[in-house]
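Morning, everyone. I'll take a few minutes on one structure.

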Amino acid sequence: MSAQTGEAAPSGPASSRLADRARYRVDRLRKEPNPLWMRELKQAARLVRTPILLCVIAIIVTLFMGSIGGLMSVRESPATTGFVLFQVFFSVAYFVVTLIGPAVAANSIASEREGRTWEAVILTGLRPAVITRGKFLAAYTAIGMYIVMLAPVGALPFLFGGVTATETIVAFAFLFLIAGLAVAFGLAISSKMNSVRAAIVVTLLLAATVSLGVYLALGVGLSYVAHEAWPGVPDGPPIWLPTAYARAPFDLRYFIFLLVLPVAIAALPAWFLYEVSIANLTSITDDRSTGLKRWFVVAAPVFALATAIPIAAVDPSDRIAAFFAGGSLHFVFLHLCAYLFVGDPLGPSRRVRMHWDREGAGRITRLLGPGIVRTSGIELLLGIATFGLLAAVGLLTVPTGATPGVRAMQIVVFTLYAAGFFLFTVGLGAYLRTRSSTPILSRVLLLAVHFLVAVGPWVVAAIMGIMWTGGRQALVVATPSPFGVFVALDALERSGEGILVTGAVVSACVWGLLGLLGLVLARRRVTTVIANHEAALAHTDRILAEEDAAAAAAQAAAAQGERAGANEVPVGEGEPQAVS
């Protein structure tokens with residue numbers, strides 16, 4: 001049904017070709033746009049402050065850029081002035097987008113809940129995915145107007161020189177892409193909040209921290225790496241990616257690092273934030289897990305490939321360091337996903353099972369549905385497989401050097417410890433979820449255990465004085481810590497320190513066994529809880545059925561009594577009267 005007209009909409013395109021399906025979606029978006037998007041645009045059009053804010057921001061940025069250009073043109077050449085203005089403008093535009101975008105999106109859903117209009121939105125019958133898309137499009141349209149208003153100012157560096165038209169166009173394209181990620185970030189936070197003030201404060205604090213970290217790490221930090229790969233890209237300026245697109249030669253490295261990886265880095269967080277927003281808007285009795293698990297099934301292999309590609313692309317002397325860096329990043333990514341899925345319910349609700357039965361859901365759909373035990377199995381399968389992928393890439397690409405077999409042993413020990421500790425995390429998380437009343441409590445307990453495991457062995461070693469008097473071999477006490485594996489990796493390059501390697505391998509095996517034990521206990525606990533829940537539901541259904549049967553019997557008896565009363569003939573009535 002169309003949300004505007006109430007008329008039945010076609011269920012899908014007549015053809016199954018990709019072009020026809022894309023044309024069908026574009027036509028439907030043009031003829032039947034998102035109703036929430038249309039409502040938000042109509043409300044924004046009636047606000048007087050919107051054009052005033054746009055004009056004020058454009059004037060301030062113009063005056064700022066003009067001042068810098070005037071000061072630079074006195075001492076520097078026009079090319080240098082244009083390059084500096086390019087860096088300054090897009091740095092300012094980056095922070096404007098990453099701060100205003102999340103703030104605008106944070107006001108969308110939280111304002112509906114605080115204004116008591118969220119129930120009215122739910123009663124329209126729109127699915128959470130439709131609501132999420134409508135709110136995203138509304139906030140993205142608002143922040144897009146800011147970028148469009150600043151576009152003439154952004155063209156000023158091109159007039160001075162030092163930058164090309166390609167760099168300017170690419171920079172604006174990435175600015176729109178960053179705006180989409182910023183809006184999705186604010187929307188994900190807003191979907192969890194009930195107060196506008198709390199949503200805006202939390203969003204701005206997180207957005208300021210994340211945007212500054214990304215600016216320094218992916219901007220300033222990676223500019224030096226890009227300069228080593230492509231000498232035409234200057235090192236130091238944070239806005240280096242548009243310059244790399246214009247000046248780097250097109251080859252396999254260009255295709256991987258400038259086309260494939262940026263798409264993956266942008267697409268995976270955007271998809272994740274979209275699924276988080278939908279899950280937060282979905283009722284707890286509905287399926288809130290399938291979308292996130294579908295994202296994880298795709299994201300885990302893609303992230304593993306993204307961390308494995310640099311291992312083979314860098315210089316041979318740097319490949320072992322690239323393997324440890326990529327493996328550590330993948331280890332952190334999988335643990336963040338483990339924290340995410342600790343909030344999965346113990347099993348699907350009756351409503352979800354009825355929906356599956358009505359839709360004829362297959363095994364894959366049911367596997368991706370709610371259930372902490374099934375979720376843990378998916379995590380372990382993909383986690384161990386992706387660790388194996390990284391290990392295979394490392395063993396095939398990392399050179400042995402002057403110490404044959406040492407590099408291979410380092411890769412094997414690192415992979416074994418990472419897989420064993422991840423198994424421990426998944427098993428412990430599943431067990432804590434089955435014993436906790438809320439997902440937040442299970443996450444806090446898991447974080448506390450991780451902190452104790454990571455720091456505790458080093459504290460024990462320090463208290464015992466091992467670090468100073470026992471020699472390096474006594475550091476075996478610290479090998480249960482995840483940071484202790486690097487001590488074992490360093491010990492492989494030394495002689496007489498095999499006990500450290502043995503300690504790391506034993507610790508990995510112990511963590512894996514504890515994880516398996518946690519999974520077994522979690523499965524037993526889930527089976528017991530679900531059996532008791534089903535028994536309680538069956539008992540309730542039986543009581544309700546008995547009450548309904550008793551009510552039906554009483555109603556039938558009352559109806560039969562009324563019919564008998566209507567058919568009863570009074571005494572003497574109907575007999576012939578005597579004639580005197």
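**Salt bridges, then one serine**

Start at Arg39, which counts as partly exposed because its relative accessibility is 28%. Keep in mind that this is a predicted model.

Arg39 makes a salt bridge with Glu40. Their closest N and O atoms sit 3.1 Å apart. In general, side chains of opposite charge can pair when their charged atoms come close. The structure holds 11 salt bridges.

Next pair: Glu112 and Lys135. Here the closest N and O atoms are 2.8 Å apart. Glu112 is in helix 4 and Lys135 is in helix 6, so this bridge ties together parts 23 residues apart in sequence. Are these two buried or exposed? Glu112 has 5% relative accessibility, so it counts as buried. Lys135 is at 1%, so it counts as buried too.

Asp286 lies in the loop between helix 11 and helix 12, and Arg351 in helix 14, so the pair links parts 65 residues apart in sequence. Asp286 is partly exposed, because its relative accessibility is 26%.

Now the network. Through shared partners, salt bridges join Arg39, Glu40, Glu112 and Lys135 into one network.

Last stop: Ser376, in helix 16, residues 372-397. Its relative accessibility is 2%, so Ser376 counts as buried. What does Ser376 contact, leaving aside neighbours within four places in sequence? Val426, Ala430 and Leu519. A polar atom of the Ser376 side chain also lies 2.8 Å from the backbone oxygen of Ile372. Phe257 is elsewhere: 33 Å from Ser376, C-alpha to C-alpha.

That's my tour. Thanks.

How values were computed. Residues numbered from 1 in each chain as written. Predicted model: local features only at pLDDT ≥ 70, side-chain atom pairs only at ≥ 80, totals over all residues. Heavy atoms only, no water. Helix = DSSP H or I, 4+ residues; strand = E, 2+ residues; numbered from the N terminus. Buried < 20%, exposed > 50% of the residue type's maximum accessible area, 1.4 Å probe, protein only. Contact = heavy atoms within 4.5 Å. Polar contact = N/O pair within 3.5 Å; in protein donor to acceptor, adjacent residues only side chain to side chain. Salt bridge = Lys/Arg side-chain N within 4 Å of Asp/Glu carboxyl O.
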